[in-house]
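This report looks at side-chain and helix geometry in one model. Please read it with the coordinates open.

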Amino acid sequence: IIMYIARNDIGVLFGVSTEVNIEVGQIIPIFLISVPFVAVTRITTAGFYATEESIFSYVLTYIEPVFMLAFMFVLPQLFGGQIMIWWSTVFARILSAFLALILKSHVDRKKFAEWAKASARAGIFDILKTFQNMGIFVDCHKYTYEEILQLTKAQKKYYQLIKRWIN
């Protein structure tokens with residue numbers, strides 16, 4: 001907000017000419033459009049580093065300048081004017097942010113699948129331990145469904161659950 005309000009005075013702080021200051025005042029609003037997208041990309045990049053998904057961090061770090069370069073070659077030619085150089089940075093940052101969200105979604109699905117697999121394994125071990133604490137499955141005896149119900153003294157509402165466990 002401060003940059004937008006002071007956009008016509010920022011150049012003066014750096015001692016630029018009046019003409020350049022006017023141009024800076026016109027460019028700042030374009031630049032500010034990309035700020036939320038930069039935030040998404042930077043936070044996602046840091047998150048990838050923190051979770052040891054470094055390859056995705058590298059991709060996000062280096063893809064933005066590649067996008068900028070590509071847009072800087074294309075947009076001024078198509079739409080003319082130096083102003084398209086600034087728009088190139090905005091489009092590159094928007095595209096980088098969308099890529100960051102896509103990569104994050106991919107990693108989230110992968111991490112969730114790992115978590116689900118580990119949880120299922122832990123659940124199976126917990127069920128087995130519960131049965132062993134009740135004296136079931138501690139020897140080579142094959143237990144019937146009815147014997148398990150009798151040994152566990154399970155309430156009727158848990159019969160279906162126990163049936164799922166043993167099948």
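## Burial and basis of the values

A residue is called buried when its relative accessible area is under 20%, exposed when it is over 50%, and partly exposed in between, with a 1.4 Å probe and protein chains only. At 12% relative accessibility, L149 therefore counts as buried, and this residue lies in helix α7, residues 145-152, where helices (H or I, at least four residues) are DSSP runs numbered from the N terminus. Between L149 and G11 there are 138 residues of sequence separation and a C-alpha to C-alpha distance of 81 Å.

The model is predicted, so that local features need pLDDT of at least 70 and side-chain atom pairs count only at pLDDT 80 or more, while totals for chains, interfaces and linings use all residues. Residues are numbered from 1 along each chain as its sequence is written, and side-chain values use heavy atoms, with hydrogens and water left out.

## Aromatic rings

Rings of Phe, Tyr and Trp (its six-membered ring) pair if their centres lie within 6.5 Å, and planes under 30 degrees apart count as stacked, over 60 as edge-to-face and the rest as tilted. Searching the whole structure gives 4 aromatic pairs. In one of them, the ring centres of Y49 and Y58 are 6.0 Å apart and the planes stand at 70°, so this pair is edge-to-face. Y49 is partly exposed, at a relative accessible area of 41%, and Y58, at 41% relative accessibility, is also classed as partly exposed. Elsewhere, F71, W87 and F91 are linked into a cluster by ring pairs.

A charge sits over a ring if NZ of Lys or CZ of Arg is within 6 Å of the ring centre and within 35 degrees of the ring normal. The charged end of R7 sits in this way over the ring of Y4, 4.1 Å from its centre, and that of K163 sits over the ring of Y145, 5.6 Å from the centre.

## Helix packing and a loop residue

With axes taken as lines fitted to C-alpha atoms over the stretch in contact, and angles running from 0 to 180 degrees between N-to-C directions, helix α5 (residues 54-79) and helix α6 (residues 83-133) have axes that come within 7 Å and cross at roughly 145°.

E53 lies in the loop between α4 (35-50) and α5, and is buried at a relative accessible area of 8%. Its side chain is joined to that of K111 by a polar contact of 3.4 Å, a term for a pair of N or O atoms within 3.5 Å, of which, within protein, one must be able to donate a hydrogen and the other to accept it, residues adjacent in sequence counting only if both atoms are side-chain atoms.

Note on methods:
Helices (H or I, at least four residues) and strands (E, at least two) are DSSP runs, numbered from the N terminus.
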